[in-house]
Amino acid sequence: MSGKELKIPFNAPLNEMDAENQTYGCRQNNPDICASNSIPGVCAFTSDDCICKKPSRSWKKQYEKLKG
């Protein structure tokens, strides 16, 4: 999957693989300055499952908002 396909808007509807502690793809506004960018097994861009295992601190609140 290309990097462009993995960049998911922060306000996009939830993916079935999203949880309050992980996101499918990258929901960072600017992934290039993310502290976890390109860390194997943590960053969506380098993980085989395309899961970001360390989303931003604001993700938990956004997850609850999107969950309804």
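From the N terminus on, the elements of the chain run α-β-β-α, with helices (H or I, at least four residues) and strands (E, at least two) taken as DSSP runs. The radius of gyration, taken over C-alpha atoms, is 11 Å, close to the 11 Å that the globule rule gives for 68 residues, so the chain is as compact as a globular protein of that length; the rule is 2.2 Å times the number of residues to the power 0.38. The model is predicted: local features need pLDDT of at least 70 and side-chain atom pairs count only at pLDDT 80 or more, while totals for chains, interfaces and linings use all residues. Residues are numbered from 1 along each chain as its sequence is written, and side-chain values use heavy atoms, with hydrogens and water left out.

A search of the whole structure finds 2 cavities of 30 Å³ or more. A cavity is a set of points on a 1 Å grid over the protein atoms alone where a 1.4 Å probe fits but cannot get out, and lining residues have an atom within 4 Å of a point. Grid points are joined across faces, edges and corners, and a volume is the space filled by probe spheres set on the points.

The largest cavity holds about 60 Å³ of space, and its lining includes Phe10, Arg27, Pro55 and Trp59. The second largest cavity has a volume of about 50 Å³; among its lining residues are Pro31, Cys34, Asn37 and Phe45. Cys26, Gln28 and Cys52 line both cavities.

Conventions. 1 Å grid on protein atoms, 1.4 Å probe; cavity = no way out; pocket = protein on both sides within 12 Å on 5 of 7 lines; lining within 4 Å.
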